[in-house]
Amino acid sequence: MASSSVFLVMVSGQIESAEFPEFDDIYLRYNLSYGQDWLVTSGLEEGISQIAKKSQDDRQQMIWNFPIDVTFKSTNPHGWPQLIVHCYGADVFGQEVNRGYGVCHIPITPGKHKLRLPMFVPESSSLLQKFTSWFLSRRPEYVDPRVIAQGEGREVTRVRTQGFVTVMFNVVMKDMKKLGYDVLPSDVSHVNMPENVGVNTETVM
Amino acid sequence: MAEVHIIGQIYGATGFPDHSLFCKWGIHAGGAWKVLAGDREGQSQVDNPVNQEAAFFGHPIDIHFATKGLQGWPKLHFQIWHQDSFGRNELYGYGFCHVPTSPGMHNIECQTWKPSGTYREQITQSFLGGGPQLKNPDLIYSSALRCKLVTTAMGTIHLKIGVILRNFDKFGIEC
């Protein structure tokens, strides 16, 4: 049997809820962005949720409970997948506008993780543009939301953080240890010393 | 060869006088370390948050190092800059932290400092902004010549960094 050089990462979780103090009636779209060495073996890379209304109580939360179930396979941890969440909501004119982008890496350790993603919108460059975009319901948006999963080209953007989305992940991995990758401190604490370390291999007279 | 993956993000910054900030970051490692993939430095977006208590960058870091030795373990260094409503940039702080040496997810808080000038410069600064900056940014993470600096404390940078190690146990390293 050929030794595998591939490890699997299975992510199951949900986009739970959001806090947007100023807005209501939000729905979201999620995308997964990953490097060249990664492949989705099962599950959906994209999804669109239902429209959630804010709760009337003190929590002021919008709850989606939107499931994410994806399995990746890869040869290299570089390009570890990232979840990109893009929220939309209706503005005062009834048009769907961009309410925020958020990004986070899928956690690299197996187990349960709860993450809070800040949601930001790109800002218009001038006051006039801000007014026109509000009036015409055409807010600044990224052409491809995957841009926020990269570091390049971000330095020229101005954004405004205006809410948070809470995401829960359960991560399971297969064969990371077999390929030599350690993701938990306990993996490295038991050191396997090869037998001939420290022994002079040449015969000594 | 042992390999280290640093996968995470610069989450945000708190504790600064104003939170319309951006962050320039870089990673520095010793001579035995080689970058196999990923950017060594970058600059985040400018955040102008509604809630002015924290700025959020969400800037991804994904670097793959290969190394032949432990000396010169990688260090992340940062410069926090403030951008005001007129588009002027002013330095708000320098900081650095070592990449954690144990694998797993880590929440790191990196404290920052700013060089402070003479009394006269401080008064000018409170009216006009600006202030002294380091000529050589290497001083952020090196200890040489630090004795000549006088600095004041600024806010905190929050990082969520995951570290994956490969083949460290084969070489007998315990971390």
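C87(A) is buried, with a relative accessible area of 0%; buried means under 20% relative accessible area, exposed over 50%, and partly exposed in between, with a 1.4 Å probe and protein chains only. C104(A) also counts as buried, at 6% relative accessibility. The sulfur of C87(A) is 13 Å from the closest cysteine sulfur, which belongs to C104(A), and that is too far for a bond. C104(A) is likewise in no disulfide. A disulfide is here a pair of cysteine sulfur atoms within 2.5 Å, and a search of the whole structure finds 0 of them over all chains.

The structure is a predicted model, in which local features need pLDDT of at least 70 and side-chain atom pairs count only at pLDDT 80 or more, while totals for chains, interfaces and linings use all residues. Residues are numbered from 1 along each chain as its sequence is written, chains are lettered from A and ligands numbered from 1 in the order in which they are written, and side-chain values use heavy atoms, with hydrogens and water left out.

## Chain A

Chain A has 2 helices and 10 strands. Helices (H or I, at least four residues) and strands (E, at least two) are DSSP runs, numbered from the N terminus. Read from the N terminus, the order of elements in chain A is β-β-β-β-β-β-β-β-α-β-β-α. Of its 205 residues, 49% count as buried. Contact means heavy atoms within 4.5 Å. Among contacts in chain A between residues at least 6 apart in sequence, 75% join residues at least 24 apart.

H113(A) belongs to strand β8 of chain A, residues 111–122. With 14% relative accessibility, H113(A) counts as buried. Leaving aside neighbours within four places in sequence, H113(A) is in contact with P107(A), V167(A), M168(A), F169(A) and V171(A). The side chain of H113(A) also reaches the backbone oxygen of T109(A), at 2.7 Å.

## Salt bridges

A salt bridge is a side-chain nitrogen of Lys or Arg within 4 Å of a carboxyl oxygen of Asp or Glu. Over all chains, the search of the whole structure finds 13 salt bridges. Some of them are listed here.

| Pair | Closest N to O distance |
|---|---|
| R59(A) and D57(A) | 3.4 Å |
| K177(A) and D169(B) | 3.0 Å |

D57(A) counts as partly exposed, at 37% relative accessibility. D175(A) counts as buried at 17%, whereas K178(A), at 65%, counts as exposed. Salt bridges that share partners join K174(A), D175(A) and K178(A) into one network. In chain B, D84(B) is buried, with a relative accessible area of 15%.

## The interface of chain B and chain A

The size of an interface is often given as the accessible area lost when the parts come together. Buried area is the accessible area (1.4 Å probe) that two parts lose on being put together, summed over both. Chain B and chain A bury about 3,600 Å² between them, and 54% of this is on carbon and sulfur atoms. In chain B, the residues that lose the most area to chain A are Q45(B), V50(B) and D169(B), together 17% of what that side buries. In terms of contact, 43 residues of chain B meet 47 residues of chain A.

Across the interface the rule finds 1 salt bridge. K177(A) forms a salt bridge with D169(B). A polar contact is a pair of N or O atoms within 3.5 Å; within protein, one must be able to donate a hydrogen and the other to accept it, and residues adjacent in sequence count only if both atoms are side-chain atoms. Between chain B and chain A, 20 residue pairs are in polar contact, with both residues at pLDDT 80 or more.

On the side of chain B that touches chain A, the elements giving two or more residues are β1 (2–14), β5 (46–47), β6 (54–67), β9 (104–115) and β10 (151–166) of chain B. The largest share, 8 residues, comes from β6(B). The residues of this side divide into 18 nonpolar, 16 polar and 9 charged. Ala, Val, Leu, Ile, Met, Phe, Trp, Tyr, Cys and Pro count as nonpolar, Asp, Glu, Lys and Arg as charged, and the others, Gly among them, as polar.

## Helix α1 of chain B

Helix α1 of chain B covers residues 119–128, and of its 10 residues the number buried is 1, so the helix lies largely in the open. Just after α1(B), G129(B) takes a positive phi of about 80 degrees.
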